[in-house]
Amino acid sequence: YVHPPAHVAQWNMSGFKPVPSGDAFAGTPHVFCPRWVKRVRLLSQLWENRTFFRQGWKLPFQIERRVIEALEYFGYTEVDNPVKAAFTFMSELDSWKPNNWLQDPLVNRHFINRAPPGLTGDKVKLFSHLRDLSRRCEAFDLFSILPETYLTDDAEDCQKIREKVTDDSWMRKDGKEHLGRGIEPVSALLDGDCEDLDSPQKEKSSVVYQRKIDTLKVNGKATSFRMYALIASFDPLVVLNNVGHNGFMYIAGKDEREWYSQEQTSTLTFEQLDAQMAKQYGITNFYEKHIYPQFRNILSYSIAAVKDQFVGGVGHYDLICQDILMSSDLKLHLLEMNSGCFMEGFGDKVAGRQFLGVHATETVLAVQRALLSDTSVMDLLDDNLRTSNGLFELLYSNQPGAEFSQGQASVCDAGERTGEEKMATPAAVPNKRDGEEAQKEGLGGSIGLICLFVLPQSFCRRFVESIFAAKTYSHEFQLPSLTSAAIAGHSAKDSLVPRLEGKPIQYKTGGSDGAVTLQDLREQLALDPGTIFATLEGNGSCVTPLSLHQETFTGLDETTVLLSVDETSEAHALLAAYVHPPAHGAQWNMARPKPVGEILEAGAFPTFCPHWIKQVRLLSQLWEKRMYFLDKDTKTDSYDIESRMIEALRYFGWRPVKTLEEALVPFTHESSPWKSEDPGLVWRFLVNRPPPVVTRHDERFKGLHKVSETLDCPHLLEAFPQTTTQWIKPLRLGGRQMKLRMYALVASFEPLVVFANHHNGHVEILKDDGTRHSTWSFAELDAHMARTRGEANFFGEHVYPQYRRILRWVLGSAEAQFRGAAGHFDLLCLDLAVQPTLSDYRVQLLGIRSGCDLPGIQDKVAQRQFMVVHAMETVLDVQKAVLSDTSVLSLLDDDLKTRHGFFELAYSNQPGAAEGLEMECPGRERQQFTAKEEL
């Protein structure tokens, strides 16, 4: 409960004692309240019972199929009994019934996607709930988010219909019908509608009259939007809106019903729509300015109308979709909301929708884990309240301690405040610094207690002052400044020194030498975020801007320059792209900075040093040039690593182009290793290319011999039996030989950043001829070793530490060979043997290579299916970090793992973010014991 596994969506090699369930609780002392016990049991299913149960469906597009695909993506397996499953999918289930949780057998026992009450599948119920909200909340104008609509079972609405429906600008809808059925144009109230309203025998009407919307036209065609939101939990209620990556625009195509915009024949992603609107109407950043704020507002009112009806739905979640029109005056109008939104999955022709189920399920798993362990959902979000993949943004939460409400609907929240008070004080994000301040207060309180009960008061005062009032020294410095005016007209041959303006500053330090980091100086001077430090280089002819990360370890000296440029200048656009690149470089970003690539191609910037210009240009391509090129002249195999990487890039919405120059990631089947004397594609592309240490057998061990001599660790070579005459007798499973296939990710060559991986590897059981007989996951290996040899957590204790050490030895010892290969990366596979010794298990490297063959999504080795997707996500994140000089450690958790838990940092020589530089050498005692074993 307090420390659940950090990555519940994946297998975790650090085992947990199983949480008792069912009859096992009978012998447990009744210390814990039953409700808490049920919650912990459900929480534990996220790592103990990673299974699902399903019943059949008639429709292949149903959302349940997409969620199952996602669970399989995360390694969940199917069972034939719902009692055994953590997730259940039963197609005949009705929507969640408010306050039915006492009788519902699924609550506290399963995670289940279930339609939320009153929102989806029924246009009339949705309208009724929103109308009731407008009548309760004077600040809410119903027709600010809906087309003008009236219901035929309400006397007041019927009077409005008689008064207003007098021309052909209206349509009649039957809320029970879907997919365009039950809709017809009308110009007057039809017979039978609005009759016998007071009769108790009359069925509740499902008919509404709605004013037609003159929709936004794209190339003369009517349009509508399909947008998504995720109810990640019913109770507590946590709602996130999709930031626009997965939504899209429908374009109508049937002239006979041109007024019905949902008669779609084609679609545009919002990225494509932005380009279309800029071309057709001259409106830039159309989605960010005109669509997203209104969508978020519509969703907030929709949730506010029914939020009290979710109580009791523990473990429940749903993905909902909204159909929305935009009128010609750029105002959004909600048509309907649905659960069970149809999607085709990985083969979906609507590109932005292909992986929506995976992204949504990943978020559900993270949110459910947080809520069941009573951890704040805010901990899952960045400073913009978005999930780490950038796809979802928090809209509403009523989790105790993490309450939040976004959008204008917050004025309608229940409570004692008036409407004006609510608008003045909307729900706010809990301050994440509160805990830090409390720790400081706690420290002061502890010292106060010591003073009160132990020390004399006069001595205590001096003692505390000596601790908290350390001596400081004041210093003066003439800090050179460079402005936009000084930059204008500067040529590459001219020195910048005469253009610098001296700015006298004062600062304080704890020492008399005046040494201060630029980060400390920024805080003391209270510099504006737009003001950047830089270093004067090239004999004073150019400057290299510094990132906020570099400021943490760079000191003030005579080469330090302060950059302060106008926000409208092109220089400012370059600095903004470098210091504050888009938060999600792996995804389309609706708020895009000014295109840097076009700026750099239009003209040179001699003020900035050439190497920095190259770096920023490559960085900017991560969001400006999200395209790949496949050399079709070279025959490819469906198992090639390039095929897997293309699948991964498609997962993030990248698209193919016909020429190399158009692409950021080229796939040219270059099998020769990187050579420092042949820069080739450096600074122009992101390139997967074999590192030299992997592809050259002689080079592989040259560095290791050198490391062995330097560190006095000659036993390093014990890990490499092919370099000695050592005879291997590997561990056998069921009488058969076995080997381990493990992976490693070189996410960047320069600087060198290497990740270990343990989730996606597997055990290969071999036939007598050395070919593969079968495979095991590492979880199965752990279970076998615990059962047959009493070795609990065998992989985590014996295999993984040695594998990681070998990885550091091989790549770290050849660090110099990677220098200069900016933008290069590669995925490596390692074959390892496990050799039992008298006292331990020794892991030995059999081989390491690039270009690992992987079948991809259809891989029979389940844990390997989506590895390259996770690898490419990590590559994109790391490349963005190193190109913007941001610490790679900022991408990782406290255990140095990526957010999804697949990769753990093994080696980094990035300045200010070094890891694993010191080679791990077992002690002399281990050496002597090894000698005795061999004897």
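Residues are numbered from 1 along each chain as its sequence is written, and side-chain values use heavy atoms, with hydrogens and water left out. Because the model is predicted, local features need pLDDT of at least 70 and side-chain atom pairs count only at pLDDT 80 or more, whereas totals for chains, interfaces and linings use all residues.

**View 1. Salt bridge between arginine 211 and glutamate 148**. The closest N and O atoms of this pair are 3.0 Å apart; a salt bridge is a side-chain nitrogen of Lys or Arg within 4 Å of a carboxyl oxygen of Asp or Glu. Arginine 211 lies in strand S8 (residues 207–211) and glutamate 148 in the loop between helix H3 (123–136) and strand S5 (149–151), so the contact ties together parts that are 63 residues apart in sequence. Helices (H or I, at least four residues) and strands (E, at least two) are DSSP runs, numbered from the N terminus. Glutamate 148 is buried at 15% relative accessible area, while arginine 211 is partly exposed at 29%. Buried means under 20% relative accessible area, exposed over 50%, and partly exposed in between (1.4 Å probe, protein chains only).

**View 2. Salt bridge between arginine 172 and aspartate 193**. Here the closest N and O atoms are 2.8 Å apart. Arginine 172 belongs to strand S6 (residues 170–174) and aspartate 193 to the loop between strand S7 (183–186) and S8, so parts 21 residues apart in sequence are tied together. Both partners are buried: arginine 172 has 17% relative accessibility and aspartate 193 a relative accessible area of 9%.

**View 3. Salt bridge between arginine 226 and aspartate 323**. The closest N and O atoms lie 2.7 Å apart. Arginine 226 is in strand S10 (residues 221–233) and aspartate 323 in strand S14 (residues 316–326), so the pair ties together parts that are 97 residues apart in sequence. Arginine 226 is buried, with a relative accessible area of 11%, as is aspartate 323, at 4%.

**View 4. Strand S11 and its pairing partners**. Five of the five residues of S11 (residues 238–242) are buried, so the strand is largely enclosed by the rest of the structure. Val238, Leu240 and Asn242 point one way, Val239 and Asn241 the other. Two strands pair if DSSP finds at least two bridges between them. S10 and S11 run antiparallel, joined by four bridges, and form a hairpin with four residues between them. Alanine 229 has asparagine 241 in S11 as its bridge partner. S11 also pairs with strand S16 (residues 392–397), antiparallel over five bridges; valine 239 stands opposite tyrosine 396 in S16.
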